[in-house]
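I opened a notebook on this model and wrote down what I looked up, one topic at a time.

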Amino acid sequence: PGAVPPHRPGLVKMSSAEPGRFFCTAGRGLEPFLAREVRARLGATEVDCVSGKVFFRAAAAPDELRKLRSGERLFLLLKKHSPLPVSGSKGKMLHEIKRFVIEEPKYWLDVISVWRKLHGHEGKTDDVSQENTLVLKRKSEEETNTASKRQKMERVRAIVSEECQVEAGERCVAPERMRGQEYWTESKTSSEFPSKGSGENPTANEKLSFSFRVSCRCSGAIAKILTSQEIGRVIGIALVKQCGWRADLRDPDVEIFVHLNDIHSVVGIPLFRLPLANREYIRTAGLRSTVAWAMASLAEISAGALVLDPMCGLGTILLEAAKEWPEACYWGADISDSQLEGADGNIRTAGLMDKIELLRASVKALPLPSESFDSVISDIPFGKKFKITNDAQLLPDILQEMERVVRVGGTIVLLLSQDLRKRMDGLTKCAGSDSPEATADGNSEAAPAKVLSVDGNSSSLAGGVGKSFLSSRHFGSLVPDGVYAVSLGKTDAFIHKYRKVSAAGN
Amino acid sequence: KLGHPSELPPEPLPNYEADEDFLRRLHHVLLEVEVLEGSLQCPDSGRRFPISRGVPNMLLSEEET
């Protein structure tokens with residue numbers, strides 16, 4: 001409520017002990033996990049959660065910041081204002097935007113020196129000032145600017161595709177949900193730095209100047225008047241004029257990130273080249289690592305715990321969990337040989353061979369003793385890509401085995417699609433409640449359902465009468481303990497947590 | 001049956017807890033040896049589960065389920 005007071009550039013000197021203001025993007029639904037993580041891991045204060053971003057203040061060095069597991073990209077916060085006033089005039093809006101973003105050259109020099117200090121580039125401040133004085137004296141480079149702005153747009157597109165292509169596996173998560181316009185565009189101009197008119201040697205030019213790239217995203221009311229490209233171009237040109245920097249799309253020294261929407265106006269500099277979600281310890285990615293970490297964080301893994309993923313695939317959940325909670329023992333099972341091979345490769349890359357044990361087994365017939373695990377965490381495959389076609393029908397069998405191997409008091413954390421979660425809710429309804437879902441399920445085509453009677457023998461029950469009976473008896477031992485909707489890019493999914501409160505049949 | 005026939009006795013000797021040499025060899029076999037190729041045998045049924053590249057295959061065939 002109300003406007004956010006403008007951030008004045010007071011952060012000149014920063015050491016690892018001094019607090020700084022940051023923001024971190026997050027996949028939709030993961031913001032609460034990230035907010036909790038920055039508080040717990042970094043002792044962050046002034047934590048402000050909005051859709052897709054968490055702002056915070058923390059006294060942390062880059063290597064500590066890099067450890068964040070539920071965020072996408074981390075930025076040094078430069079400015080955070082209330083949304084810019086929207087007028088019908090493009091020119092007026094662009095003027096407002098420039099006024100917001102562009103500062104005196106000294107401001108940018110300070111920012112760059114702060115950023116460089118964060119990255120251990122001490123002592124380069126002098127070089128930067130020299131570079132800039134030299135460059136400011138150069139003649140106008142209008143042609144260079146125009147070509148480079150178009151390159152910028154091409155590059156920006158490439159960057160986003162890279163971020164999405166991180167997953168070699170089945171799922172791809174876009175770093176942020178963009179409700180408004182996308183900021184890349186098809187560009188037909190080729191990349192070139194024409195030197196005609198500037199009278200300077202372009203190679204010398206490149207060596208001397210500090211290079212940058214502008215990444216602009218806008219959505220909401222502003223996006224109706226201006227495109228991200230237009231804004232990015234204007235900011236880029238202004239920065240070149242103001243500071244004498246060189247625009248470089250391929251490998252800039254620094255990236256300036258501008259995000260304008262109906263909630264706020266934000267300017268930041270990304271701290272790391274690659275998203276945090278890119279884990280150096282994962283060779284072949286499956287499930288988005290941030291979601292995997294979030295699931296593991298719900299399982300209450302304590303020292304000495306035994307944790308199982310009975311449909312582990314490439315092992316992403318186990319890897320995230322074992323990295324964060326190394327004092328536990330992890331088991332992974334899968335029926336697919338190729339998936340297990342990938343998991344094995346990942347485990348070796350991560351150096352976690354002594355922490356994660358792999359088994360080729362079916363989740364419907366786990367070769368594991370009852371009540372032998374403290375926690376079961378799994379991403380239940382859904383969709384046409386996977387071999388399990390009738391997931392919904394197999395769910396009771398899968399759940400039965402999971403429930404069996406978990407000890408009383410243990411947790412089960414599952415990632416489910418919309419369809420699967422409906423089925424799941426039907427199966428885990430408490431005994432006695434007569435939910436229409438439980439009986440109206442599309443389970444009627446199944447042959448006699450199996451029900452575990454008290455003495456453990458299977459008996460067959462025919463017909464619909466048994467269904468709600470099945471539901472209420474079968475999984476009454478699993479009590480729901482939280483549901484979290486998360487975005488997986490193209491689809492939405494739900495993290496469901498359960499606690500086993502008693503042995504089945506009791 | 002790990003190919004170390006001479007290293008471990010067929011049964012633990014009395015007072016094995018105090019036998020440091022035995023304990024060291026037992027620790028090695030239990031915790032430091034990784035079976036890459038071989039099999040696990042069910043003590044009840046005798047059914048063998050093959051191990052390949054360190055991963056045991058515990059899938060049951062149609063008749064077994």
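Before placing any residue in a helix, I noted the rule: a helix is a DSSP run of H or I with at least four residues, and the numbering starts from the N terminus. I also noted that this is a predicted model.

**Entry 1: one arginine**

I looked up A:Arg41 and found it in helix α1 of chain A, which covers residues 31-42.

A:Glu324 got its own note. I found a salt bridge between A:Glu324 and A:Arg41, with the closest N and O atoms 2.7 Å apart. Their side chains are also joined by a polar contact of 2.7 Å.

**Entry 2: the two domains of chain A**

I looked up the domain assignment of chain A. Domain 1 is made of 20-117 + 209-270, and domain 2 of 289-429 + 476-500. The centres of domain 1 and domain 2 of chain A, taken over C-alpha atoms, lie 36 Å apart. I then looked at the contact, to which domain 1 of chain A brings 11 residues and domain 2 of chain A brings 13 residues.

How much area do domain 1 and domain 2 of chain A bury between them? I wrote down about 990 Å², with 59% of it on carbon and sulfur atoms. On the domain 1 side, A:Arg28, A:Phe33 and A:Arg69 lose the most area to domain 2 of chain A, and together they make up 53% of what that side buries.

I counted 2 salt bridges across the interface of these two domains of chain A. The number of residue pairs in polar contact there is 4, both residues being at pLDDT 80 or more. By class, the side of domain 1 of chain A that touches domain 2 of chain A has 2 nonpolar, 3 polar and 6 charged residues.

**Entry 3: chain A against chain B**

I moved on to the contact between the chains, where chain A gives 12 residues and chain B gives 8 residues. The two chains bury about 860 Å² between them, and 59% of that is on carbon and sulfur atoms.

How many salt bridges are there between chain A and chain B? I recorded 3 salt bridges. I looked at the one formed by A:Glu341 with B:Arg53, where the closest N and O atoms are 3.4 Å apart. I also noted 4 residue pairs in polar contact across the interface of chain A and chain B, both residues at pLDDT 80 or more.

Two elements of chain A give two or more residues to the side that touches chain B: α12 (337-350) and β11 (356-360). Of these, α12(A) gives the most, with 4 residues. That side of chain A divides into 7 nonpolar, 1 polar and 4 charged residues.

**Entry 4: chain B by itself**

I finished with chain B, which has 1 helix and 3 strands. Along the sequence, the pattern I read for chain B is α-β-β-β. Chain B has 65 residues, of which 12% count as buried. Among the contacts in chain B with a separation of 6 or more, 4% are between residues 24 or more positions apart.

Terms used:
Residues numbered from 1 in each chain as written. Chains lettered and ligands numbered in written order. Predicted model: local features only at pLDDT ≥ 70, side-chain atom pairs only at ≥ 80, totals over all residues. Heavy atoms only, no water. Contact = heavy atoms within 4.5 Å. Buried area = accessible area lost by both parts, 1.4 Å probe. Salt bridge = Lys/Arg side-chain N within 4 Å of Asp/Glu carboxyl O. Polar contact = N/O pair within 3.5 Å; in protein donor to acceptor, adjacent residues only side chain to side chain. Nonpolar A, V, L, I, M, F, W, Y, C, P; charged D, E, K, R; others polar. Domains from an automatic or database assignment. Buried < 20%, exposed > 50% of the residue type's maximum accessible area, 1.4 Å probe, protein only.
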